[in-house]
Amino acid sequence: MRKKKASGLTLESIRRAALELIDEVGIEAFSTRKLGVALGCEAMAIYWYYPSKDALLDAVVDELMSRVGRVTSDATDSVLALREIARAYRRLAHEHPNAFPLIATRRFATETTYGFLEGLFEIAHRQGIDDRTTARFFRAVSAYCSGIGLNEIAARRARPAKPPPELARLASVSKWLEPKYEDDLFEFGLDVLLAPLRAR
């Protein structure tokens, strides 16, 4: 990772550098000390901008979710919005596999993520969808995407394995779970989840 001058630190440059470092070394190995080295500053300088490591990790989630929020900036249909958000969310798992678990395991608790949710829920409200239904479908789709993302990351890191040939049914179904069918499986799941909302 390229070093940046300490004098050029900003909230944005720090969170982006943190994302780059997590992409490189993983969440477990990430530290503000290593980030300081990457930025060309003392780790303590980072705390002038982010009061804790938790706050910095929330900012990394912000950085990632800002990319998801862009896909619905002009959306008027809640089903289409959820579908596009789901696709963008899954792309993060492919593009940032080391950072993706942050999104899947941390609560949205920042101005950016709250704004993202407000915009999404407002689309549903304008379509006459009640708040309970909005909450149900949002939770179902977000949990589905988190699970799919983590599953696909794990599959890419695992050594390929084939079921024993004597387990014929397992072998027959398992071939359709191979990575080359991930897109089809993902879209099928979205169709199952979103069909009832479209029917309303």
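Tutor: Let's begin with the largest cavity. α8 gives the largest share of its lining, four residues. Keep in mind that this is a predicted model.

Student: Which residues line that cavity?

Tutor: The lining is made of Ser 78, Leu 82, Leu 120, Phe 121, Ala 124, Ile 129, Thr 133, Thr 134, Phe 137, Phe 138 and Leu 197. The elements that give two or more of these residues are α5, α7 and α8.

Student: What classes of residue are in the lining of the largest cavity?

Tutor: Eight are nonpolar and three are polar.

Student: What volume does the largest cavity have?

Tutor: About 80 Å³.

Student: And how many cavities of 30 Å³ or more are there?

Tutor: The structure holds one.

Student: How does anyone find empty space in a model?

Tutor: Rolling a probe the size of a water molecule over the atoms shows where empty space is left.

Student: OK, zoom out. How many helices and strands does the protein chain have?

Tutor: Ten helices and zero strands. The C-alpha atoms fill a box of roughly 60 × 50 × 20 Å, taken along the principal axes.

Student: How much of the chain is buried?

Tutor: Of its 200 residues, 38% count as buried.

Student: What caps the N-terminal end of α8?

Tutor: Asp 130 does. One of its side-chain oxygens lies 3.1 Å from the backbone nitrogen of Arg 132.

Student: Which residues of α8 are buried?

Tutor: Among them are Phe 137, Phe 138, Val 141, Tyr 144, Cys 145 and Glu 152. What covers the buried residues of α8 includes α5, α6, α7 and α10.

Student: New topic: pockets. What volume does the largest pocket have?

Tutor: About 600 Å³. It is lined by 20 residues. Ala 155, Ser 174, Leu 177, Glu 178 and Pro 179 lie nearest its centre. The elements giving two or more residues to this lining are α8, α9 and α10.

Student: Which element gives the most to the lining of the largest pocket?

Tutor: α8, with five residues. By class, the lining of the largest pocket has eleven nonpolar, three polar and six charged residues.

Student: And the second largest pocket?

Tutor: Its volume is about 420 Å³. The second largest pocket has 19 lining residues, with Arg 107, Phe 108, Phe 138, Arg 139 and Ser 142 nearest its centre. Elements that give two or more residues here are α5, α6, α7 and α8.

Student: Where does the largest share of the lining of the second largest pocket come from?

Tutor: From α8 again, with seven residues. By class, the lining of the second largest pocket has 13 nonpolar, three polar and three charged residues.

Student: Now some single residues. Where is Asp 77?

Tutor: In the loop between α4 and α5.

Student: Is Asp 77 buried or exposed?

Tutor: Asp 77 counts as buried because its relative accessible area is 17%, and the cut-off for buried is under 20%.

Student: What does the side chain of Asp 77 reach?

Tutor: It reaches the backbone nitrogen of Val 79 at 2.9 Å. The side chain of Asp 77 also reaches the backbone nitrogen of Leu 80, at 2.9 Å. Not counting residues up to four places away in sequence, Asp 77 touches Ile 123, Gln 127 and Arg 198.

Student: What about Glu 63? Buried or exposed?

Tutor: Glu 63 is buried, with a relative accessible area of 4%. Glu 63 is found in helix α4. Leaving aside neighbours within four places in sequence, Glu 63 is in contact with Arg 15, Arg 16 and Leu 19.

Student: Last one: Ala 199. Buried or exposed?

Tutor: Ala 199, in helix α10, counts as exposed at 69% relative accessibility.

Student: How far apart are Ala 199 and Val 37?

Tutor: They are 162 residues apart in sequence. In space they are 54 Å apart, C-alpha to C-alpha.

Notes:
Residues are numbered from 1 along each chain as its sequence is written. This is a predicted model: local features need pLDDT of at least 70, side-chain atom pairs count only at pLDDT 80 or more; totals for chains, interfaces and linings use all residues. Side-chain values use heavy atoms; hydrogens and water are left out. Buried means under 20% relative accessible area, exposed over 50%, partly exposed in between (1.4 Å probe, protein chains only). A polar contact is a pair of N or O atoms within 3.5 Å; within protein, one must be able to donate a hydrogen and the other to accept it, and residues adjacent in sequence count only if both atoms are side-chain atoms. Contact means heavy atoms within 4.5 Å. On a 1 Å grid over the protein atoms alone, a cavity is a set of points where a 1.4 Å probe fits but cannot get out, and a pocket is an open set with protein on both sides within 12 Å along at least five of seven lines; lining residues have an atom within 4 Å of a point. Grid points are joined across faces, edges and corners, and a volume is the space filled by probe spheres set on the points. Ala, Val, Leu, Ile, Met, Phe, Trp, Tyr, Cys and Pro count as nonpolar, Asp, Glu, Lys and Arg as charged, and the others, Gly among them, as polar.
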